[in-house]
Amino acid sequence: MTDITKTPEWQALEGAAAALSKTHMRGLFEHDPARFDAFSIEGAGLFLDYSKNKIDAAARNALLALAKARDLEGARRRMLAGEKINTTEDRAVLHVALRDFAMRDYHVDGENVSLAVRRELERIESFADRIHSGGLKGFKGDAIDTVVNIGIGGSDLGPKMVVEALRPYWVKGRRAYFVSNVDGQHLSDVLTEVDPAKTLFLVASKTFTTQETMTNAQSARDWFLSQGGKESDIAAHFAALSTNAHAVEQFGIDPENMFQFWGWVGGRFSLWSAIGLSIALQVGFENFERLLKGAHAMDEHFRVAPLAENIPILMALVGVWNRNFMDARAHAILPYDEHLSLLPSYLQQADMESNGKSRNAEGEALAARTGPIIFGEPGTNGQHAFYQLLHQGTDLVSADFIAPALSQSPLGDHHEKLLANFLAQPEALMRGKTEEEAREELAADDLTKDEIDALAPHKVFPGDRPANSILFEKLTPETLGALIAAYEHKIFCQGVIWGVNSFDQWGVELGKVLAKDILPEIAALGEEMPQVSSHDPSTAGLINRINAIRGGKATG
């Protein structure tokens, strides 16, 4: 694969960045009163304003030329056609097929997978109806009213984020919990909150072998049996989201309560599949379907909108610009909606696991920097945490500000104040404050010259810091679906530009392998273990210290 940094398109972008380096973003707005209109687009219920990035028409044109040179349109076509673009795992990438209400057919290895998708959706709808109608009862004859989803990674972060985001749509009287951490405290805390006779456990693991998930599932099973449930009751209180029918049946789960998803559904793109069963059970199948339809609307926008008018593509190109040409090493996700509080952590996985790579799809070392560090908090909490660094820190951080114009839960003037902050923060990041302006403000407060001299440097904001604003009418299932899908496609497009395979995650493997080796070296409580020396001195020393503590010996 050609080194992207040696291409004419990349070098043109370096030239565009150099030309802009002497211009403050304030100047871009002052010289172009129509800048907002020229650098904003909308689609699928979302409005994207990317005018507060240090970019001009020439830079945008150069980015579009880069997309053409990297055959982004061809890559999009190949993904949507079901080609095996996940080359290291020889898999198609077809999460769009899970939410295609245009009733297209998608084929993988000669099979029309769309038929299986529709069948599984019908099964999810039927199961949700049984739960909500009280048709599926627990071992004491009570209706099931609580769901505990046991998964990790994409089998946890996606559905947990959506369930929280759609809190106003929860079915009355229903509760949902999510357990992911193998730390026993996570599961134990949840089990103290639930009634075993009214609880359904969803075990979400494609292979039904994921260590953390199966450890938690087995402990939940043991707890259930210790609370009066019998082996024969497991079928009514446990369901599986998996492809391993044999392991599911061995666990004691009724095969009728196994919901399938497929190898062409990546874990971090799986909330649209059976992994979303917890969503359907908490908000109702109708609202789950609305979520899918919102994602489908964004898929259609992504499929047909020209590059220059395509929200995910522009988000991706602006991200490449900030990462590679403006030297932004981190990117903040800043939702101004409390119900989107889990969106930053969800996108951490989606983005960093997808594009946090230093080799291209052919295994060659990359010259260009790839995925940035993703972090964030809902506003206005983040303003009182890390915004100091965004405004006056030594590293450049780009940001996405996200907000609904209307609140799901209007209360006094809360939302107006929230929106004021949503608008003010990116303006402040863009404008900054000069020393002259700081001195004028301090002088207006009747400070002495010495006081002004002392304080003015601390009041200076460099500005010129990039931000996107994403606005929508209200956080509904449709707009949430569109928002998530926009980020999915953005991540894919950036992977194409950088030349990485965004759909594998080999970087998570080594730690798992080493943990399996270390596990038998950890002493049980009260057990004495011989000294370990088979690791590096640091790891061996920590193991021996842990074992001394667990064995009841003083460590000195």
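Visitor: What radius of gyration would a compact globule with 556 residues have, and what does the protein have?

Guide: Please keep in mind that this is a predicted model. A compact globule of 556 residues would have a radius of gyration near 24 Å, and the protein has 26 Å, which agrees with that expectation. Taken along the principal axes, the box that the C-alpha atoms fill is roughly 75 × 70 × 55 Å.

Visitor: How many helices and strands make up the secondary structure, and what share of the residues counts as buried?

Guide: The secondary structure consists of 22 helices and 13 strands, while 52% of the 556 residues count as buried. Among the contacts with a separation of 6 or more, 74% come from residues 24 or more positions apart.

Visitor: Which residues touch the most other members of the largest nonpolar core?

Guide: That core holds 121 residues, and W264, W321 and L480 are the ones that touch the most other members. Helix α20, residues 477-498, supplies the largest share of this core with 13 residues. Apart from it lies another core of 24 residues, including L187 and F238. As for W264, when residues up to four places away in sequence are not counted, its partners include A92, L94, H95 and V117.

Visitor: Where is M352 found, and is it buried or partly exposed?

Guide: Buried means under 20% relative accessible area and exposed means over 50%, with partly exposed in between. M352 is found in helix α15, residues 343-355, and it has a relative accessible area of 33%, so it is partly exposed. Leaving aside neighbours within four places in sequence, M352 is in contact with L347, P372, I373 and I374. M352 and P372 are 20 residues apart in sequence, and their C-alpha atoms are 7.3 Å apart in space.

Visitor: Which residues other than glycine have a positive phi?

Guide: One of them is F208, with phi near 60°, and D446 has a positive phi of about 65°. F208 lies in the loop between β7 and α9, and it counts as buried because its relative accessibility is 6%. D446 is found in the loop between α18 and α19, and it counts as exposed because its relative accessibility is 69%.

Visitor: Which residues does a cis peptide bond join?

Guide: The cis peptide bond joins G379 and T380, with omega about 10°, and T380 has its place in the loop between β11 and α16.

How values were computed: Residues numbered from 1 in each chain as written. Predicted model: local features only at pLDDT ≥ 70, side-chain atom pairs only at ≥ 80, totals over all residues. Heavy atoms only, no water. Core = buried A, V, L, I, M, F, W, Y, C linked by side-chain atoms within 4.5 Å. Buried < 20%, exposed > 50% of the residue type's maximum accessible area, 1.4 Å probe, protein only. Helix = DSSP H or I, 4+ residues; strand = E, 2+ residues; numbered from the N terminus. Contact = heavy atoms within 4.5 Å. Rg over C-alpha atoms; globule rule 2.2 N^0.38 Å.
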